[in-house]
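Me: Hi! Could we go through this one together?

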Amino acid sequence: MPWTSTPPTWPPSAASIETAAAPALAAIPGAGNDALARLNQAAAGVAFNRHPLSEQASALLSLRDQWAQLLAHGHRLTVTPYDHDVGISEESGHYLAPNNAAARLAEKLQDAADRQRPTGPLYALGILVAATSLAEFAAALATLTAMLPL
């Protein structure tokens, strides 16, 4: 199950909008540089006092950096009972045994031919959503994604 990478393409209607906006967008860097030059000239004659809340704002910025370090960044891999050679099909429907799911995910993380495979130290969190019907599964998945917006 290799990952595929495709370049983004514009539909024709969006391409015409992009073409029409191109002259205005091309003028933005020059206008920004001109405005910055004018501000730099005026900066010598302007003095600002620090607001009393400035130190508290600086403290909040350091807290924001600490919060950003706690956020996890990673990849999401999914396995369903309908994946080839993973799920088990019976008259009552398809199901996925936890051992099959774990084995398939381990294979995917070790797939050396996959150019999109994560590299470096890998940590994994596995969540198995189980249900006896498709409607029950959809409800359970909705609850999970509300808590963990994947």
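Me: Which residues of α3 are buried?
Reply: The buried residues of α3 are A101, R104 and K108. Buried means under 20% relative accessible area, exposed over 50%, and partly exposed in between, with a 1.4 Å probe and protein chains only. This is a predicted model: local features need pLDDT of at least 70, side-chain atom pairs count only at pLDDT 80 or more, and totals for chains, interfaces and linings use all residues. Residues are numbered from 1 along each chain as its sequence is written, and side-chain values use heavy atoms, leaving out hydrogens and water.

Me: What does K108 contact through its side chain?
Reply: A polar contact of 2.7 Å joins the side chains of K108 and D114. That term is for a pair of N or O atoms within 3.5 Å; within protein, one must be able to donate a hydrogen and the other to accept it, and residues adjacent in sequence count only if both atoms are side-chain atoms. K108 has a relative accessible area of 9%.

Me: New topic: is E90 buried or partly exposed?
Reply: E90 counts as partly exposed, at 43% relative accessibility. E90 is found in strand β1 (residues 88-90).

Me: And how far is E90 from P8 in space?
Reply: They are 39 Å apart, C-alpha to C-alpha, and 82 residues apart in sequence.

Me: Back to α3: how does its span compare with what it should be?
Reply: At 1.5 Å a residue, the 12 residues of α3 (residues 98-109) should span 16 Å, and the end C-alpha atoms are 17 Å apart, which agrees. The expected span is 1.5 Å times one less than the number of residues.

Technical notes: Helices (H or I, at least four residues) and strands (E, at least two) are DSSP runs, numbered from the N terminus.
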